[in-house]
Amino acid sequence: MITTSLHTDLNSLLPEGQIITGESKSHPLGNGGFITVFPKTEKEIERVLKYANGYEKKVCVQGGGTKRGFGGLMETADILLSLSKYKGIVEHTAGNMTITVKAGTPFHELQTYLAEHQQKVSLDPAWPEYATIGGIIGANESGPKRLGYGSPRDVVIGLQMVYPNGSMIRTGGKVVKNVAGYDMNKLFIGSMGTLAVISEVTLKLRPLAKYESLMLLAFPEGKFESIRSFVTSLLESMMEPAALELLTPSLSETLTGKKCYTLAISFEDVESAVHYQEEFVRSIQPVQTNLDILHQKEAGAFWEKLYTIGPNGAIDSTAKETEAAVKIGVTNLDGLHVLKESALMQDSHNLVIEGHAGLGHGLCQVNLKGASDDVLQAILQLRKFVEQLNGYLIVRHLPYVLRQQLSVWGEQPCHFYLFEGIKAKVDPNRILNDQRFVGGI
Amino acid sequence: MALKEVKTNDKHIRNLANIVGGARSILYHKEDLLAYDCDGFTIHKHLPKAVVFPKDTQEVSKLVKYCSDNHLPFLARGAGTGLSGGAIPVNGEVIISLVRMKRLLHVDFENRRAMVEPGFVNLKLTNSISDKGYYYAPDPSSQYCCTIGGNVAENAGGAHCLKYGVTTNHILGLEVVLPNGKIIEIGKNGIPDSPGYDLLGLITGSEGTLGIVTKITVRILKNPEAKQTVLAYFDNVSDGSRAVSDIISAGIVPAALEMMDKTAIEAVEAAAFPVGHPRDIEALLLIEVDGISAGINEQISQILHVCENRNVREVKVAKDESERARWWANRKTGFGAMGAISPDYLVQDGVIPRSRLPEVLSRINKISEESGLRIANIFHAGDGNLHPLVLFDARIPGQTEKALAAGSACLQVCADVGGTITGEHGVGIEKREEMRFVFTDEEIKAQTDIREVFNPDNLLNAGKLFPSPGRCAEIKKEMKEAAL
């Protein structure tokens with residue numbers, strides 16, 4: 001009955017064919033809606049939000065759905081607002097090295113378009129064919145090449161948003177340097193859609209690398225002192241790796257066929273500079289290690305494989321086991337300890353655990369698969385371990401039912417009241433992605 | 001040694017003095033306060049109530065709490081080099097000067113970070129770590145004296161931010177005293193992406209209106225292996241600006257890409273660091289590339305080729321570090337050099353999409369002709385950040401207003417072509433009204449809503465960043481138009 005009246009109301013706001021009832025409720029990952037709407041214009045987003053705000057309806061926001069298992073204590077909201085049909089390039093002047101795109105544009109589509117102009121967005125998120133630029137920004141997602149190129153906060157220069165009350169608000173602008181007013185972009189990057197619906201994103205671009213190589217340095221004996229000493233030498237040198245990622249033996253086996261700790265070192269530059277850096281790595285290669293070098297497309301293929309090893313909320317999982325993914329932030333080289341602990345837990349908890357740690361920036365990704373109780377226990381134990389290192393653990397993917405049994409975001413910080421204050425100012429009726437973020441925001 | 005006494009009937013001054021340990025840490029006599037009536041934006045002046053010099057976070061917190069409890073307006077100040085008036089006490093504020101909190105607290109080379117107090121001078125950080133081959137990237141022209149606390153407040157840029165980003169891209173953690181006196185730590189332990197809204201990003205560049213930063217953890221970088229600098233002279237501005245676009249389109253990311261026009265060249269050559277630029281050229285480019293040594297020559301030859309294709313008159317590569325340093329000293333002292341050719345100058349800070357450079361320069365030329373004031377242009381051409389310098393003589397009645405109006409008109413041009421009104425100097429009090437060129441009332445309210453969360457009584461640095469609502473703004477605009 002409620003759904004019927006909701007459907008009638010929404011029908012008056014959006015053209016036929018852009019509303020679907022029922023399809024998205026009771027999803028194992030939650031974050032669904034009794035009714036799914038597919039706005040194709042900003043005006044339509046505005047109408048839906050104004051309506052929801054006026055009638056205090058809860059709205060879940062979704063792009064490609066890859067992060068459906070990321071946070072959220074609502075199985076089914078009133079409305080699932082999908083931006084999957086709000087896509088395309090709004091403005092691109094190659095000479096300015098900036099682009100404005102609609103939020104629902106899949107990342108891979110964007111990169112393919114830019115590659116024709118020898119340009120790229122310097123982010124490397126997971127599941128690029130599914131993930132939308134809006135979702136990547138909203139969840140503040142970055143990949144191994146963050147070391148060389150930064151994260152969403154370094155590449156987003158402007159956002160256009162629809163606030164819960166229907167106001168169209170622009171933050172930042174379309175130029176690469178801008179300090180007019182507060183740097184409001186930052187507030188929305190990583191806000192998990194709890195403040196406003198991002199409709200357009202303006203990004204700073206980089207030229208495509210002229211040449212690329214990937215060095216896979218395998219440590220068959222798994223000596224951490226040796227890994228640490230090599231990494232320190234590389235970081236202390238003047239070489240400029242775009243990524244310096246340590247893989248657990250299990251992940252290394254999946255990606256390279258060798259079951260041992262492996263460092264994936266990426267160089268992107270003009271060809272002579274890439275080969276020069278390869279030579280440097282060879283010159284400091286530790287004894288009892290094996291080195292493989294992949295170039296150009298082969299190097300690219302490795303990374304593409306890495307981007308699709310974790311769970312994807314947009315694909316209905318056929319696995320009987322529970323799949324989970326966590327993001328861990330620690331001080332740079334502490335990533336070594338995190339990977340070691342994760343690998344040990346694989347056996348102690350009877351799980352499949354694959355992880356990688358960015359040793360230039362301290363962010364680690366760990367994927368877990370197994371019985372749900374074991375997965376939960378492992379996550380809690382890992383969080384305890386990470387907190388002893390003064391770091392944090394965020395659960396990036398977990399089924400809805402299990403998310404209720406732990407805190408996805410960990411402890412609230414002492415300045416949590418500022419987060420609440422911000423939420424209350426921007427979304428006072430708490431209609432957007434309610435309970436999806438830190439402390440139930 | 002006996003401490004001087006605080007002799008005043010003002011109980012607030014006595015109480016503030018008590019918090020910071022007595023008379024040696026407070027200024028309250030008019031003659032002492034005069035030095036604090038403005039910052040690097042000297043057109044508007046106002047005396048503070050007092051200037052206090054806390055030595056640590058606890059004292060800052062107590063001062064802030066006292067001001068908040070007693071409803072005294074207050075603001076924080078670093079070296080006072082800001083160019084938009086962000087540290088001017090327009091409401092007779094108590095100035096909390098952070099210059100005594102100037103220690104380098106910790107350097108962690110292994111994890112590439114350093115922790116400083118806010119009064120620590122920008123260039124000192126690089127000087128303290130350069131022996132180990134590291135540096136701090138943001139390099140505003142005033143880096144020899146500006147403080148990192150001030151850089152955080154303004155989200156300062158610099159010539160090399162084209163490749164390396166501005167201050168916000170290098171801040172990993174902050175300790176902040178909120179306007180109620182509470183001390184918080186964000187970006188804990190310098191670990192990126194801490195859960196929650198990105199307060200680190202929000203506070204950086206908030207021009208001291210959301211809190212007072214008392215400790216800063218910054219990213220430090222390894223020196224690039226190699227560096228080469230090119231100087232190119234052009235007979236017309238459009239060839240120079242097209243060369244800028246061609247360099248970027250060739251897929252090169254220079255560390256810096258600077259441009260100066262004829263008037264600017266006249267000034268720098270007449271000032272303290274001349275390098276012998278020809279006086280009859282219309283534009284020069286200063287281009288620096290850095291990175292892996294093996295790749296540098298290839299990039300330099302591409303740059304030389306681009307310049308030749310754009311009819312460069314002369315192009316040369318710096319022979320050695322001392323020549324490079326001379327070219328940079330000439331460029332980095334460019335604003336001050338205006339003093340050699342004009343009694344006063346007003347610097348603006350617009351940003352435009354790079355592709356609109358020739359059009360914008362010709363419109364700025366027109367503004368100069370219409371106002372009868374010379375305008376020199378020094379800019380970070382690589383990222384489209386223009387610094388039109390309006391030359392005037394404040395002793396001539398009406399010229400200051402004319403200069404302000406011409407500066408504002410330049411910003412309108414930047415906004416018209418899809419750019420913005422400030423790239424690195426901040427809004428302060430100078431560009432409050434110009435905020436309307438780029439934001440709607442609703443968008444400005446979205447920002448003041450956030451200020452209210454942090455600074456609900458608006459006692460901290462009030463009257464900055466945002467236009468005053470209603471009629472006042474319209475009257476001010478009319479005055480500017482009349483002056484033009």
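How many residues does the contact take from chain A and from chain B? The legends below take up this point and others, for a model that is predicted.

**Figure 1. The contact between chain A and chain B.** The contact takes 65 residues from chain A and 71 residues from chain B. On the side of chain A that touches chain B, several helices and strands each supply at least two residues, among them α6 (152-155), α7 (185-188), α10 (271-283) and α15 (416-426). The strands that do this include β9 (168-172), β11 (206-207) and β19 (392-397) of chain A. The largest share, five residues, comes from α15(A).

**Figure 2. Residue classes on the side of chain A that touches chain B.** Sorted by class, this side has 28 nonpolar residues, 25 polar residues and twelve charged residues.

**Figure 3. Chain B as a whole.** Chain B has 17 helices and 18 strands. Its radius of gyration is 23 Å, close to the 23 Å that the globule rule gives for 484 residues, so chain B is as compact as a globular protein of that length. Along the principal axes, the C-alpha atoms of chain B fill a box of roughly 70 × 60 × 45 Å.

Figure 4. Of the 484 residues in chain B, 57% are buried. Among contacts between residues at least 6 apart in the sequence of chain B, 71% join residues at least 24 apart.

**Figure 5. An annotated stretch of chain B, residues 44-223.** An unreviewed UniProt entry gives this stretch the annotation "domain: FAD-binding PCMH-type". Over residues 44-223 the chain is 21% helix and 24% strand. The end C-alpha atoms of the stretch are 40 Å apart.

Conventions
Residues are numbered from 1 along each chain as its sequence is written. Chains are lettered from A and ligands numbered from 1 in the order in which they are written. This is a predicted model: local features need pLDDT of at least 70, side-chain atom pairs count only at pLDDT 80 or more; totals for chains, interfaces and linings use all residues. Helices (H or I, at least four residues) and strands (E, at least two) are DSSP runs, numbered from the N terminus. The radius of gyration is taken over C-alpha atoms; the globule rule is 2.2 Å times the number of residues to the power 0.38. A residue is buried if 20 or more other C-beta atoms lie within 10 Å of its own, exposed if 12 or fewer, and partly exposed in between; C-beta atoms are placed from the backbone. Two residues are in contact if their C-beta atoms, placed from the backbone, lie within 7 Å. Ala, Val, Leu, Ile, Met, Phe, Trp, Tyr, Cys and Pro count as nonpolar, Asp, Glu, Lys and Arg as charged, and the others, Gly among them, as polar. UniProt positions are given in the numbering used here, feature names are shortened, and annotations may be inferred rather than shown by experiment.
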